[in-house]
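Visitor: I have a protein open here and I'm new to this. Can you walk me through it?

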Amino acid sequence: SAKYHIQASQGTNYHATEVMVIHNSTNAYFSQFGDIYTNTSLFSLSVDTNSGNVRLRVTPASTSSTAFKISRNLLKV
């Protein structure tokens, strides 16, 4: 399992959230919480598995330049 803190900035717009992710090598599941942003959401999230590994996918909401910072804590189940 993993806990991610994701922060994005685009000019004077900011977006931050936390995400919990877990997987069983076949399926991945996530819960997003603590979502906060100024003006508009800057990204969307999804998870999947690839060759038994989990992927957290962060998709920017626009084509404008968006800077991301991500931290994570991992726990082996």
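**A walk through the chain**

Guide: Start with histidine 15. Setting aside neighbours within four places in sequence, histidine 15 is in contact (heavy atoms within 4.5 Å) with Ile6, Gln7, Ala8, Asp35, Ile36, Tyr37, Ser41, Leu42 and Phe43. A note on the source: this is a predicted model, where local features need pLDDT of at least 70, side-chain atom pairs count only at pLDDT 80 or more, and totals for chains, interfaces and linings use all residues. Residues are numbered from 1 along each chain as its sequence is written, and side-chain values use heavy atoms, with hydrogens and water left out.

Visitor: Where is histidine 15 found?

Guide: In strand β2, residues 13-23. Strands (E, at least two residues) and helices (H or I, at least four) are DSSP runs, numbered from the N terminus.

Visitor: Is histidine 15 buried or exposed?

Guide: Histidine 15 counts as buried because its relative accessibility is 2%. Buried means under 20% relative accessible area, exposed means over 50%, and partly exposed is in between (1.4 Å probe, protein chains only).

Visitor: Which side chain does histidine 15 join in a polar contact?

Guide: That of aspartate 35, at 2.8 Å. A polar contact is a pair of N or O atoms within 3.5 Å; within protein, one must be able to donate a hydrogen and the other to accept it, and residues adjacent in sequence count only if both atoms are side-chain atoms.

Visitor: New topic. How many helices and strands are in the protein chain?

Guide: Zero helices and six strands. From the N terminus, the order is β-β-β-β-β-β. The C-alpha trace spans about 40 × 20 × 15 Å along its principal axes.

Visitor: What share of the residues counts as buried?

Guide: 22% of the 77 residues.

Visitor: Now serine 9. Where is its place?

Guide: Serine 9 sits in strand β1, residues 2-10. It is partly exposed, because its relative accessible area is 26%.

Visitor: What does serine 9 touch?

Guide: Not counting residues up to four places away in sequence, serine 9 touches Tyr14, Leu42, Ser65, Thr66 and Ala67. Leu42 is also among the contacts of histidine 15.

Visitor: How far apart are serine 9 and arginine 55?

Guide: 46 residues in sequence, and 22 Å in space, C-alpha to C-alpha.

Visitor: Last one. Is valine 77 buried or exposed?

Guide: Valine 77 counts as exposed, because its relative accessibility is 83%. Valine 77 is found in the segment after β6 (67-74).
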